Amino acid sequence: MEDSELHIPSDLPVLPVRDTVIFPHMIVPLFVGRNKSLQAIDESLSTHRLLFLNAQRDGTIDDPQPEDIYEIGTVAVIMRRLKLPDGRQKILVQGLCKAKIQSFLFQDPYLCARIDKLDEPETEEVSIEAEALMHSIRQEVSELLELGKEIPSEVQIILHNMEDPGALADLVASNLSLKIPLAQELLEMLNPLDRLIRIKALLSKEHEMLNVQQRISSQAREEMSKSQREYFLREQMRAIRSELNESSQATEELKEIKARLQEAKLPPEADKEANKHLRRLESMSAESAEYSMLRTYLDWLVDLPWSRSNIDNLDLVAAKKVLDEDHFDLKKVKDRILEFLAVRKLRPDSKGPILCFAGPPGVGKTSLGKSIARALGRDFVRLSLGGLRDEAELRGHRRTYVGALPGRIIQGLKQAGTNNPVFMLDEIDKLGADFRGDPASALLEILDPEQNNSFSDHYINLPFDLSRVMFITTANVLDPVPSALRDRMEVIRLSGYSTEEKLTIAQRFLVPRQIESNGLGADNIRFTGTSLSRLIADYTSEAGLRNLEREIGSLCRKVARRFAEGKCSAVRITPRSLARYLGPARYLREERGEDEIGVATGLAWTEAGGEILHVEASTMKGKGQLTLTGHLGEVMKESAQAALSYARSRAQELGIDPELFAGQDIHIHVPAGAIPKDGPSAGVTMAVALISALSKTPVKRDVAMTGEITLRGKILPVGGIKEKVLAAVRAGVPTLVIPRRNEKDLVDIPPALRRKVSFILAETMTDLLAVALDEDR
């Protein structure tokens, strides 16, 4: 029925339609159940059989109001009606033409609206562009059919015989699965050419989607076929092996793991877990990803030294001999190890100590750990903690992660092959922390004898007893180590070596080692005692021995080259030949000149050991300002302020004009300005330099000092006394002023070293000034 043959009334019943848009020429069945809609159908059938079909904006609304439906819809004729048993009606309608609602006449008992028919632009003949679009659309539809798009066969026939561009566009649009807003947009386009262009774009998108779906389906089928084929082949192989009484490689591996599990003597909990995973492994295909993961996990379980341990060498005499062979002096450390052996001899089940060797670089902290392991007869494992930021490096990764592994602690025990090695955690003061966790917090459990007997690695996920492990940590300084972690360790300080100690160590250890490592013999090169002393004094300036061994190695390499070239016989290293091999002296001892005003010698304690610190103070006309330079930290700046306040409060006693502070600026400078400096040890040194500059009294250059100052002029104790004494001896300073409360620290200084320095104990600044200032000048 053509709309040109039928008169379209201006007033028509409105039938809101859910979830579909009716296009002209479209024949579609509709199921109607709402009362208003049924009333509209009855009215239509009793008159002209026409309805105005409009799509709902929201299909979930059961009683749509005028604002809930689109204004533009399709006038349709009811071709057939069928009443259903449940009270609904099924009608078959055909779209005739487009129309637009002008106004609603009434809403009860059904929606009735006044409409205007919408006519498309009339053209006498179809343009070439429209012809091309229609041809392209027909071709796209054919391709969609080949890709599996379901379109009724009668529609295909009509499509190929239809010449009207608008009708063709509406027919294709009605057979595409379009969302309501998009379909309504096409319905509201009156220009056939615009609709064809839009339809062409939608078909291209549909074509692309079907291509992708087909490719995905094809890949899925291929994968499924491949898996089925592999399964079939594996079953065939299994049947063939069964007929030939041959076992597969996977079966052999499982037998091997079972045997290793029995030999490993796992604790009951670990044994139960291992057997559970082994049963799972037996029921899996060897090609599955989980098989590989479980196999690796079981390998770790059986390789860990659950019950394997070294028998300690409890011969104290032999252990002492080993320690003395490897290291000179270090009496405190050696005594502590021998005490541990004595306790272990009396009580075999005693827990291992947790020691921390703290001291400057090169004093032998790491090599001492190796020596302890040799003396005890245990394996040695070393783990560097420097720069470690991820907690999982210590505790391991959970097995759910790809490439998961146990932590470095468990890896170290597997490497050692025993459950009681000497485990060295190097550079504990260099630990980091970031968003992945705080490794220092993980060490709280590892280094706690009350907790580490059931240490649980995230990967192993079973308790492992670390209480028999002897943990030794090393650090240059203890300040960065959290207090809770520091509390778990027994700290043993290695301060550094005096010149005499370095000479003995060089003769007994360093020289023979370097001669051997450079391919020389004892008869090829010989060092005199004076040459080694000159090498220590003029070519090194350190608390440890690294640079000294490096310089000895350099001498040995130069001699080795001469031997390789056939140029010389045995070489004797003398003080005079040092300059020929190593160049001029690198460290020149300061010549003691005259005493100066405003220059005091202090002592500092750094990561590299003790250091000499010169503090300079000068005054100039100004407004009483204090200037501090030399890259000083907050503590040193506060010490300078305290020194100034002390000087001002005791100006008359110190021989300083009180008026001087208002008209003079004071500048305190600590040389080597590129190096950061901080700490309270230089407080008295800055006070002496300041008082010297204000009172114009020279400071004795042969006096060095250390201590913290208070506003009342008291001198408080400081740390690192032995390191500072070593620095004073290296610098050739004969007199050292230290706080009286540091007198107890002199016990740790060897008698030979004490004889080289004159110690003066000061309780107040008055005591110090009496020694440091040259009042006679």
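Which residue lies over the face of Tyr-581? Arg-580 does, at 5.1 Å from the ring centre. A charge sits over a ring if NZ of Lys or CZ of Arg is within 6 Å of the ring centre and within 35 degrees of the ring normal. Arg-399 lies over a ring face as well, that of Tyr-297, at 3.9 Å from the ring centre.

This is a predicted model, where local features need pLDDT of at least 70, side-chain atom pairs count only at pLDDT 80 or more, and totals for chains, interfaces and linings use all residues. Residues are numbered from 1 along each chain as its sequence is written, and side-chain values use heavy atoms, with hydrogens and water left out.

Now the aromatic rings. A pair of them is described by the distance of the centres and the angle of the planes. Rings of Phe, Tyr and Trp (its six-membered ring) pair if their centres lie within 6.5 Å; planes under 30 degrees apart are stacked, over 60 edge-to-face, and the rest tilted. There are four such aromatic pairs. In one of them, Phe-106 and Tyr-110 have ring centres 5.3 Å apart and planes at 70°, so they are edge-to-face. Tyr-110 is buried, at 10% relative accessible area, while Phe-106 is partly exposed, at 33%. Buried means under 20% relative accessible area, exposed over 50%, and partly exposed in between (1.4 Å probe, protein chains only).

Trp-306 and Phe-464 make a tilted pair, with 5.0 Å between centres and 50° between planes. Trp-306 sits in the loop between H9 and helix H10 (316-326), and Phe-464 in strand E11 (residues 463-464), so the pair ties together parts 158 residues apart in sequence. Helices (H or I, at least four residues) and strands (E, at least two) are DSSP runs, numbered from the N terminus. Both Trp-306 and Phe-464 are buried.

Next comes the nonpolar core. Such a core is a set of buried Ala, Val, Leu, Ile, Met, Phe, Trp, Tyr and Cys residues joined through side-chain atoms within 4.5 Å. The largest one has 53 residues, and Ile-428, Leu-443 and Leu-447 touch the most other members. Helix H9 (residues 289-303) gives this core its largest share, seven residues. Beyond four places in sequence, Leu-443 has contacts (heavy atoms within 4.5 Å) that include Leu-385, Leu-394 and Ile-428.

Last, Asp-678. This residue is in the loop between strand E20 (664-669) and helix H23 (683-695). Asp-678 counts as partly exposed because its relative accessibility is 49%. Beyond four places in sequence, Asp-678 contacts Gly-633, Glu-634, Val-635 and Met-636.
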